[in-house]
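Please read it alongside the sequence and the coordinates.

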Amino acid sequence: MARVRTEEKRADIVRIASELFNELGYDRCSMSTISERLGGSKATLYGYFDSKEELLRAVLQCEVASSFYRLLHEFEEAGDLRSGLIKLGTAYHNKRLSSLPAANMRAILNQPPCSTMGKDFYENVIRPAFEGLAQKFEEMMDQGRLKRVDPWVAVMHWKGLNDWDLFEQRIMGAISGPQDVDVEKVATLAADAFLKLYGVEESAGAGPGKKQN
């Protein structure tokens, strides 16, 4: 039972730190502020995380992991491939352009040059998430629903077709969130372009007049 409480407490700390990093910004948020919001002592907080940087790493990992599973769920729940890609792209934009990912990215970019946080975040969190999508694409290739290519290349093409310059606009304040963009239109254009590259005739039931070859 004690182990369960420990994990619950750790998750609570990560959740509260995530909220405060988003509200105040990473640099302006201290461990004292987090412990005050948590309702405990700094000693308790440091019992779980040795530093604010370690806590940020935990926030980033938790945020990306939970978002990835939600994205895959959106994809898998769709009735056909084209609809799934549109849902996937729409969910990707709604999450990526929201306030927390932007705040997290600013925190990473503001680390000193000697910090390994960005490299660790990419190698241990971001890349594995995209590798999970690549695995899903590979399964579809095995099923004959997508052309046989390198799954990682296919994922990077899907990402590029969706990304445009939207995240740069979000980081720089040119847009304030996904509500400023027709994300479904962007996702639809990306899905159709992706299927022109990687779709197969067998999947053409995606919608009226929507061939995937």
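**Salt bridges and a helix crossing**

R37 counts as partly exposed, because its relative accessibility is 40%. The model is a predicted one, and a search of the whole structure finds 15 salt bridges. The points below take up three of these pairs and then turn to the contact between helix α4 and helix α6.

- R37 forms a salt bridge with E23, and the closest N and O atoms of the two residues are 3.0 Å apart.

**A pair within helix α1**

- R15 forms a salt bridge with E19, with the closest N and O atoms 3.1 Å apart.
- Both residues belong to helix α1 (residues 2-24), and because they are four residues apart there, about one helical turn separates R15 from E19.
- R15 has a relative accessibility of 43% and therefore counts as partly exposed, while E19, at 31%, also counts as partly exposed.

- E131 and R127 form a salt bridge in which the closest N and O atoms are 3.0 Å apart.
- The relative accessible area is 36% for E131, which is partly exposed, and 29% for R127, which is likewise partly exposed.
- Elsewhere, salt bridges that share partners join D12, R15, E19, E23 and R37 into one network.

**The crossing of helix α4 and helix α6**

- The axes of helix α4 (residues 52-77) and helix α6 (residues 99-109) come within 11 Å of each other and cross at roughly 140 degrees.
- The crossing in which α4 passes α6 is left-handed.
- On the α4 side the contact is made by L56, V59, L60 and E63, and on the α6 side by L100, N104, A107 and I108.
- Sorted by class, the residues in this contact of α4 with α6 are six nonpolar, one polar and one charged.

Note on methods. Residues are numbered from 1 along each chain as its sequence is written. This is a predicted model: local features need pLDDT of at least 70, side-chain atom pairs count only at pLDDT 80 or more; totals for chains, interfaces and linings use all residues. Side-chain values use heavy atoms; hydrogens and water are left out. A salt bridge is a side-chain nitrogen of Lys or Arg within 4 Å of a carboxyl oxygen of Asp or Glu. Helices (H or I, at least four residues) and strands (E, at least two) are DSSP runs, numbered from the N terminus. Buried means under 20% relative accessible area, exposed over 50%, partly exposed in between (1.4 Å probe, protein chains only). Axes are lines fitted to C-alpha atoms, for helices over the stretch in contact, and angles run from 0 to 180 degrees between N-to-C directions. A crossing is left-handed if the near helix is turned anticlockwise from the far one by less than a right angle, and right-handed if clockwise. Contact means heavy atoms within 4.5 Å. Ala, Val, Leu, Ile, Met, Phe, Trp, Tyr, Cys and Pro count as nonpolar, Asp, Glu, Lys and Arg as charged, and the others, Gly among them, as polar.
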